[in-house]
Amino acid sequence: MVFVSNMSEWNYLFDMDGVLVREEHLITGADALIAELRERGTPFMVLTNNSIYTPRDLRARLLNTGLDIPEESIWTSALATAQFLQTQRPGGSAYVVGESGLTTALHNVGYVMTERNPDYVVLGETRTYSFEAITRAIRLVRDGARFIATNPDETGPSAEGPLPATGAVAALIERATGRHPYFVGKPNPLMMRSALRRIGAHSENTLMVGDRMDTDVLSGLEAGLQTVLVLSGISGRETAEQFPYRPTRVIESVKELVGVTHDPFGAGRREKA
């Protein structure tokens with residue numbers, strides 16, 4: 001077993017759904033945890049692969065559950081995608097299949113939305129995928145537009161059960177065009193690194209707290225972060241054991257981090273899985 005001494009201070013990246021909230025309900029302890037981090041002045045960022053909403057929309061949603069998180073502490077796959085495209089082709093153009101969270105982010109970095117010869121086809125989350133929009137996206141990609149998708153999640157949660165998400169629609173476009181999209185959101189460590197830059201943090205003293213092994217934990221590991229898997233969302237203990245990699249720590253929920261954010265692995269020492 002390899003032990004590594006604990007950092008004096010930790011920064012935090014949190015997934016949102018399944019970690020801080022479940023549907024429209026607060027997960028017990030999340031409010032106390034965020035209050036503790038804000039009181040201590042600990043840098044943190046809440047991440048989500050959902051590209052539907054703007055940070056302002058998400059702040060309002062979280063306030064309704066009892067979580068007070070500033071807009072600037074919310075980082076979405078839409079924002080990460082817009083930032084990525086700005087670095088790749090500043091002032092470019094895009095045909096977007098998505099909603100206001102994505103179009104607003106792209107507009108804010110100077111992108112033009114167009115259906116005629118766009119630089120990119122950008123696919124994001126939406127609750128109203130239309131056959132017409134997908135058909136147009138397929139034709140534009142086949143005509144040479146570069147194919148970008150905000151995240152690879154194949155399904156998303158709803159009160160009625162799973163919904164098809166960006167990854168599922170991306171697979172449809174890929175099959176029709178033979179062009180594989182570049183996914184910006186988790187588990188791409190690009191999203192982790194962009195969030196780290198936003199809070200001025202370094203990977204060696206930052207934790208990624210998430211509920212999915214295949215996105216949160218994987219992206220955290222690939223970005224060089226320590227990882228905490230919570231069992232309040234998608235992945236359980238049994239499913240976690242099926243993956244060839246392990247989180248640094250597994251806990252029932254974020255409630256277990258309340259009061260120990262300065263030393264989340266206990267007694268100044270932690271075991272590296």
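These legends walk you through close-up views of a predicted model. Local features are taken where pLDDT is at least 70, side-chain atom pairs count only at pLDDT 80 or more, and totals for chains, interfaces and linings use all residues. Residues are numbered from 1 along each chain as its sequence is written, and side-chain values use heavy atoms, with hydrogens and water left out.

**View 1. Arg38 and Asp68 form a salt bridge.** A salt bridge here is a side-chain nitrogen of Lys or Arg within 4 Å of a carboxyl oxygen of Asp or Glu. In this pair, the closest N and O atoms are 3.4 Å apart. Arg38 sits in helix 1 (residues 30-40), while Asp68 lies in the loop between helix 2 (55-65) and strand 6 (74-76), so the pair links distant parts of the chain, 30 residues apart. Helices (H or I, at least four residues) and strands (E, at least two) are DSSP runs, numbered from the N terminus. Arg38 is partly exposed at a relative accessible area of 41%, and Asp68 is also partly exposed, at 36%. For these labels, buried means under 20% relative accessible area, exposed means over 50%, and partly exposed falls in between (1.4 Å probe, protein chains only).

**View 2. Arg212 pairs with Asp214 in a salt bridge.** Look for the closest N and O atoms, which are 3.0 Å apart. Asp214 is partly exposed, with a relative accessible area of 31%.

**View 3. Arg249 reaches Glu256 through a salt bridge.** Here the closest N and O atoms lie 3.8 Å apart. Arg249 has 24% relative accessibility and counts as partly exposed; Glu256, at 34%, is partly exposed too.

**View 4. Asp15, Lys186 and Asp216 belong to one network.** Salt bridges that share partners join these residues. The salt-bridge count for the model comes to 14.

**View 5. Helix 5 (residues 131-142) crosses helix 6 (residues 166-177).** Their axes come within 9 Å and cross at roughly 45°. Axes are lines fitted to C-alpha atoms, for helices over the stretch in contact, and angles run from 0 to 180 degrees between N-to-C directions. Helix 5 is therefore oblique to helix 6, because angles under 35 degrees count as roughly parallel, over 145 as roughly antiparallel, 65 to 115 as roughly perpendicular and the rest as oblique.

**View 6. Side chains from helix 5 and helix 6 meet.** Contact means heavy atoms within 4.5 Å. Among the residues in contact are Ile134 and Ile138 of helix 5, and Leu172 and Ile173 of helix 6.
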